[in-house]
Amino acid sequence: MSAVLHGTSPTKRPDRYTYGEYRRWPDDERWELIYGCAFGMSPAPRRRHQSLVIQIASQLDAYFTGKLCRPYIAPVDVFLSESDEPLDEVETVVQPDAFVVCAPEKLIEEGVRGAPDFIIEVLSPHTAMKDQSEKRHLYERHRVNEYWIINPDTFEVFVYTLKEDGAYGLPAVADLREGPAVGRFSGLNLLVRPQDL
């Protein structure tokens with residue numbers, strides 16, 4: 001592999017990659033592709049980040065038990081393609097920290113093909129800029145209904161909700177310690193327990 005992007009800083013202009021190339025990269029490395037650009041996902045997330053993801057995932061699992069929608073956590077590849085090209089030609093493959101898919105036809109053996117209904121990204125120093133810029137625009141473009149960005153240090157949640165015009169607009173801001181509601185799913189509130197992180 002030639003040039004890559006580390007976080008959001010390119011070392012030089014990268015080649016454009018596809019899933020066909022991505023899936024041949026070493027198993028001990030984690031990457032995301034956004035419009036063919038490769039973003040490294042190392043170092044591994046911090047312990048606090050992962051503990052927060054586990055708390056969220058356990059609440060999502062409890063809420064969706066017995067329902068059509070299914071929650072997932074990284075690493076699961078989510079393929080966001082621009083058309084019906086073969087999987088190996090897809091140039092955008094991401095691994096959100098946590099997400100929910102309500103359309104069973106999007107579930108494939110390799111992961112998920114198509115936009116999830118709800119995505120959560122927990123900020124980390126290495127990925128914060130990407131989560132707040134490239135990924136926000138990407139999820140808006142692919143019509144992800146609700147996108148949460150969580151700051152694990154302050155427990156602030158920036159909630160982006162897709163409007164009728166297909167844009168997110170300004171985010172609502174909530175506190176994860178107060179159990180904010182997920183607008184997409186009635187009766188689902190996500191609450192962090194700081195003492196258990």
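Let's start at Arg143, which sits in the loop between helix H4 (134-141) and strand S12 (146-150). Its phi is positive, about 60 degrees, even though Arg143 is not a glycine. Keep in mind that this is a predicted model.

- You can find Tyr35 in the loop between strand S3 (31-34) and strand S4 (37-40).
- Tyr35 is partly exposed, and its relative accessible area is 31%.
- Pro75 belongs to the loop between strand S5 (70-73) and strand S6 (77-79).

**Helix H4 and what it packs against**

- The residue with positive phi that we began with, Arg143, follows H4.
- H4 has these buried residues: Lys135, Arg136, Leu138, Tyr139 and Glu140.
- Those buried residues pack against quite a list of elements, including S3, helix H3 (128-132), S12 and strand S13 (156-161).
- Strand S7 (93-94) and strand S11 (118-122) are also among the packing partners of H4's buried residues.

- Thr92 is in the loop between S6 and S7.
- Thr92 counts as buried because its relative accessibility is 2%, and the cut-off for buried is under 20%.
- A polar atom of the Thr92 side chain lies 2.9 Å from the backbone nitrogen of Tyr35.
- Setting aside residues up to four places away in sequence, Thr92 touches Leu33, Ile34, Tyr35, Val78, Phe79, Leu80 and Leu138.

**The nonpolar cores**

- The largest nonpolar core has 25 residues, and the ones touching the most other members are Leu60, Phe118, Ile120, Trp148, Leu176, Phe185 and Leu190.
- Helix H2 (47-64), strand S8 (98-101), S11, S12 and S13 each give two or more residues to this core.
- H2 supplies the largest share, with six residues.
- Zooming in on Leu60, its contacts beyond neighbours within four places in sequence are Pro71, Ala98, Val100, Phe118, Leu188 and Leu190.
- There's also a second, separate core of 20 residues, and among them are Phe39, Phe99, Val112 and Ile149.

Note on methods. Residues are numbered from 1 along each chain as its sequence is written. This is a predicted model: local features need pLDDT of at least 70, side-chain atom pairs count only at pLDDT 80 or more; totals for chains, interfaces and linings use all residues. Side-chain values use heavy atoms; hydrogens and water are left out. Helices (H or I, at least four residues) and strands (E, at least two) are DSSP runs, numbered from the N terminus. Buried means under 20% relative accessible area, exposed over 50%, partly exposed in between (1.4 Å probe, protein chains only). Contact means heavy atoms within 4.5 Å. A nonpolar core is a set of buried Ala, Val, Leu, Ile, Met, Phe, Trp, Tyr and Cys residues joined through side-chain atoms within 4.5 Å. A polar contact is a pair of N or O atoms within 3.5 Å; within protein, one must be able to donate a hydrogen and the other to accept it, and residues adjacent in sequence count only if both atoms are side-chain atoms.
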